[in-house]
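User: I would like to go through this model and ask, for each label, what it rests on. Please set each value against its cut-off before concluding.

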Amino acid sequence: MTDTLAASSPAHDTGAHDSGAHDSGAARLQRRMARGAAFLGSEVAVMAGAMSWVSERNLVAAMSNAGGFGVIACGAMTVELLDREIEATKALTSRPFGVNLITMHPDLMALIEVCGRHGVGHVVLAGGLPPKGSLEAIKATGAKVICFAPALSLAKKLIRSGVDALVIEGMEAGGHIGPVSTSVLAQEMLPTIAEQVPVFVAGGIGRGEAIAGYLDMGAAGVQLGTRFVCATESIAHPNFKRAFIRASARDAVASVQIDPRLPVIPVRALKNAGGELFTAKQREVAGRLDEAAVAMAEAQLEIEHYWAGALRRAVIDGDVEHGSVMAGQSVGMVTREEPLADILAELMAEAAGALEKRGA
Ligand SMILES: Cc1cc2nc3c(=O)[nH]c(=O)nc-3n(C[C@H](O)[C@H](O)[C@H](O)COP(=O)(O)O)c2cc1C
């Protein structure tokens, strides 16, 4: 596998131990990714970020088999479903992969226990700060904990509480997003925290040159989602993949909150009728709040539930008009369906090519 990925370099030089002026882009890339790859137990320090409904056994195994690191999206799965998904993924790959758990899941502790029983080596916690006891519970299983750090102060706090690695994800990404761009987060956070724990940069990465850039800035690796959705192995509905292939960067827009009383965590997805209906729904619920026809808690819940199932509707059922077609701005760089190994090899070749041109 190393041959496949290293040979992707234009220089076709696999001399990982070379140093000095004569080493190839591939060798430089391998050196820059060594820490992240050792942490993940993969060949290259590239994670396929968990994507609900998309990141199931097939995509995860394809990513890990290609030399990267696949992550199962647990999302709203029950304990039994996650148990089965991990088992099925293990049947498709003998390589390491991770599991992404949402911190708000009511059965978080039981899900951690399932990961432990299967010997999952890495648990990614998404969706907010880890609840009390969850980090300790994951570490007690022997797994490493990876968390999302949306700001420098929170990154420092997470490091103090014992996380093993961090993902910093900018607002260019697909799915739920924060307010700051990847380039600013990387500049603000990498110089301070990259030496303390491995940091993986995510959001808006579509080509290998950008990967090389973040590695040069101190990242241990990267996480991509959007770029892997149209992998041949991805079970996303053909309509979902077609929407990605047709879309350009400006079609991937963040949802808008229209009333301060009804908080909406922004989601980046392709523009469609579903997005407009969501805005209309917020307006309607806000109107009922004005008339005191609905209680605040109930109104907020109504908004929250509106999207429940919307991603499934688009990914699995193929309703890309009314479902949620979550996609990052890098969607414009998704131009065809191709095997995951080819996507990863292309990214690595671009990264190695960029490093080849560097002076040192
Ligand atoms: C369709 C889709 C679904 C996603 N679902 C999740 C999820 O369930 N949990 C999560 O932590 N991140 C989720 N993400 C974010 C990805 O894991 C990843 O961090 C992100 O896609 C990286 O940015 P990029 O899309 O610009 O490559 C999702 C992204 C997409 C495109």
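Predicted model: local features only at pLDDT ≥ 70, side-chain atom pairs only at ≥ 80, totals over all residues.

User: Why is L311 called buried?

Analyst: The label buried requires 20 or more other C-beta atoms within 10 Å; L311 has 22 such atoms, and it is therefore buried. L311 lies in helix α13, and, when neighbours within four places in sequence are left aside, its contacts are S52, W53, G323, S324 and M326.

User: Why does W53 count as partly exposed?

Analyst: W53 has 18 C-beta neighbours inside 10 Å, whereas a residue is buried at 20 or more and exposed at 12 or fewer, so W53 falls in between and counts as partly exposed. W53 is found in the loop between β1 (46-48) and α3 (57-65), and its phi is near 70 degrees, a positive value in a residue other than glycine. Most residues other than glycine have a negative phi.

User: What makes A292 exposed?

Analyst: The cut-off for exposed is 12 or fewer C-beta atoms within 10 Å, and A292 has 8 such neighbours, so A292 counts as exposed. A292 sits in the loop between α11 (273-290) and α12 (296-306), and, although A292 is not a glycine, its phi is positive, at about 55 degrees.

User: How is T93 classed, and which residues does it touch?

Analyst: With 17 other C-beta atoms within 10 Å, T93 is partly exposed, because that label covers counts between the limits of 12 and 20. T93 lies in the loop between α4 (79-92) and β3 (97-102), and, not counting residues up to four places away in sequence, T93 touches A61, S64 and N65.

User: How do you know that the buried residues of α10 line one face of the helix?

Analyst: In α10 (residues 238-246), the buried residues are F240, K241, A243 and F244. Seen down the axis of α10, these buried residues fall within an arc of 155 degrees, so they line one face of the helix. The buried residues of α10 pack against β11 (267-270) and α13 (310-315). As for F244 and L311, these residues are 67 apart in sequence and 14 Å apart in space, C-alpha to C-alpha.

User: Why are β7 and β10 described as standing at the edges of their sheet?

Analyst: The open sheet of 3 strands has the order β7-β11-β10, with antiparallel pairing. Within that sheet β7 (175-176) and β10 (252-254) each have a single partner strand, so one side of each is left without a neighbour, and they stand at the edges. Two strands pair if there are at least two bridges between them, and β7 and β11 are joined by 2 bridges. H176 has V267 in β11 as its bridge partner.

Notes:
Residues numbered from 1 in each chain as written. Helix = DSSP H or I, 4+ residues; strand = E, 2+ residues; numbered from the N terminus. Arc of directions from axis to C-beta. Contact = placed C-beta atoms within 7 Å.
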